[in-house]
Amino acid sequence: MAFTSMVSTVPVLFFFFTLLLISANSSSLSHNIKVQEQDKDPFVGFNIGTDVSNLLSPTELVKFLQAQKVNHVRLYDADPELLKALAKTKVRVIISVPNNQLLAIGSSNSTAASWIGRNVVAYYPETLITAISVGDEVLTTVPSSAPLLLPAIESLYNALVASNLHTQIKVSTPHAASIMLDTFPPSQAYFNQTWHSIMVPLLQFLSKTGSPLMMNLYPYYVYMQNKGVVPLDNCLFEPLTPSKEMVDPNTLLHYTNVLDAMVDAAYVSMKNLNVSDVAVLVTESGWPSKGDSKEPYATIDNADTYNSNLIKHVFDRTGTPLHPEMTSSVYIYELFNEDLRAPPVSEASWGLFYGNSTPVYLLHVSGSGTSWKLHFPGKQEGRK
Ligand SMILES: *[C@@H]1O[C@H](CO)[C@@H](O)[C@H](O)[C@H]1NC(C)=O
Ligand SMILES: *[C@@H]1O[C@H](CO)[C@@H](O)[C@H](O)[C@H]1NC(C)=O
Ligand SMILES: *[C@@H]1O[C@H](CO)[C@@H](O)[C@H](O)[C@H]1NC(C)=O
């Protein structure tokens, strides 16, 4: 990314420390979530990676989610114990096909059908499975499996059709931001042509089936790769004076934060392939709270600011400059610090909570002029 408007970085400005953590008024929250779900309003969910020593048992984990009023989660697999424990709760879940299963599923319809039988039909609708994310950042991390991606998606979809679950459960695949090139200004973004032979039919599939384009979008990495060019405040959704906003010279749209620019880059990239009816779902976004000496911006303050402001931004429902009418839902990366993940230090430090469910930091999210209020009650409770 190369932003046109450049300003020196300004130290992070904090809001109050009235830590209205995702807690308070749980009745108004659940009311809101119900209303949101009826209206298909945008929501904030959480990724649950499990490279955690002493991870809560499935039953404890589900209790924890309920205590935190977490109603949307994404798993990196389809853990049977957890799916069982989620039965008869309000928690909606995206399950995943790990990259190492793509080969088997993409090359055999019967393997795909048995995957659906074992991991979806066995639990739905008691467990509210909303989508299947097929692989993770396949094009950029395991390009050798890329030719199997669409066959796997189609076979899984066909198996859902056979069970008449295809309208309730969507099938898609999360992409890294790096499949897009020239992402700023967003009006010039496009998908790397190397992947057109996959992206074109994939987008046609998503359009035909009403499924979202899943994107893992990290302003943190944009900042790390463009230090001194992209102001930290733009990455953290901090208030900017108009002169610090990024202006897209082609559309004259003003961008007050990097995430919106990345989402609009995805819309423009799709439009370049003649697709304009597929919504962007942000399957991962977050900020690490700890890093090594080369990761000085991975701090508790920045992580707290990013995630708190991200939540507010979603619930403000202001969409993006290009699509003010459409606010993407976001799954925060991630619920727990995955202490077992390999270095750098930041890899183990994306979570809102330690594995034992004590908070790494307390989000400060409080609504002003909006009807929502999130709260994690008193004490505690919160992958690349
Ligand atoms: C899977 O089923 C689809 C649709 O019936 C068919 O077109 C495709 O050839 C099958 N794939 C394999 C690997 O058998
Ligand atoms: C597009 O993707 C290919 C395959 O990963 C990569 O080799 C190439 O460098 C990318 N193009 C650009 C301009 O980054
Ligand atoms: C998109 O539409 C334009 C105009 O109809 C056409 O020239 C172009 O080939 C299309 N691109 C794709 C990827 O379908």
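Tutor: Two strands are said to pair if DSSP finds at least two bridges between them. The strands themselves (E, at least two residues) and the helices (H or I, at least four) are DSSP runs, numbered from the N terminus. The model is predicted, so local features need pLDDT of at least 70 and side-chain atom pairs count only at pLDDT 80 or more, while totals for chains, interfaces and linings use all residues. Residues are numbered from 1 along each chain as its sequence is written, with chains lettered from A and ligands numbered from 1 in the order in which they are written.

Student: How do you know that strand 4 and strand 5 pair, and in which sense do they run?

Tutor: Strand 4 (residues 128-134) and strand 5 share three bridges and run in the parallel sense; since the definition asks for at least two, they count as paired. As one example, serine 133 has serine 172 in strand 5 as its bridge partner.

Student: Which strands form the open sheet, and in what order?

Tutor: Nine strands form the open sheet, in the order 5-4-3-2-1-13-12-9-6, with parallel pairing. Strand 5 (170-172) and strand 6 (174-176) are called the edge strands, as each pairs on one side only. On average, neighbouring strands of this sheet are turned by 25 degrees against each other, direction ignored.

Student: Which partner does strand 2 have in strand 1, and what handedness has the crossover between them?

Tutor: Strand 1 (residues 44-48) and strand 2 (residues 72-75) are parallel and joined by three bridges, with asparagine 47 opposite arginine 74 in strand 2. From strand 1 the chain passes through helix 2 (residues 58-67) to strand 2, giving a right-handed β-α-β crossover. The term means that, with the strands pointing away from the viewer, the path from the first strand over the helix to the second runs clockwise. Strand 2, helix 3 (residues 80-85) and strand 3 likewise make a right-handed β-α-β unit; strand 2 and strand 3 (residues 92-97) run parallel over three bridges, including the one between histidine 72 and arginine 92.

Student: Why are lysine 69 and aspartate 182 classed as they are?

Tutor: Lysine 69 has 20 C-beta neighbours inside 10 Å, which meets the cut-off, so this residue counts as buried. Lysine 69 lies in the loop between helix 2 and strand 2, and aspartate 182 in the loop between strand 7 (180-181) and strand 8 (190-191). Neither is a glycine, yet phi is positive in both: near 60 degrees for lysine 69 and about 50 degrees for aspartate 182.

Student: What makes helix 5 oblique to helix 7?

Tutor: Helix 5 (residues 109-121) and helix 7 pack at about 55 degrees, with their axes 8 Å apart. Axes are lines fitted to C-alpha atoms, for helices over the stretch in contact, and angles run from 0 to 180 degrees between N-to-C directions. Angles under 35 degrees count as roughly parallel, over 145 as roughly antiparallel, 65 to 115 as roughly perpendicular and the rest as oblique; about 55 degrees falls in the remainder, and helix 5 is therefore oblique to helix 7.

Student: Which residues of helix 5 meet helix 7?

Tutor: Among them are Asn109, Trp115 and Ile116 in helix 5, with Ala152, Leu156 and Ala159 included on the helix 7 side. A contact requires C-beta atoms, placed from the backbone, to lie within 7 Å. Helix 7 (residues 146-162) also packs on the sheet, where it touches strand 3, strand 4 and strand 5.

Terms used
Contact = placed C-beta atoms within 7 Å. Buried ≥ 20, exposed ≤ 12 C-beta atoms within 10 Å, placed from the backbone.
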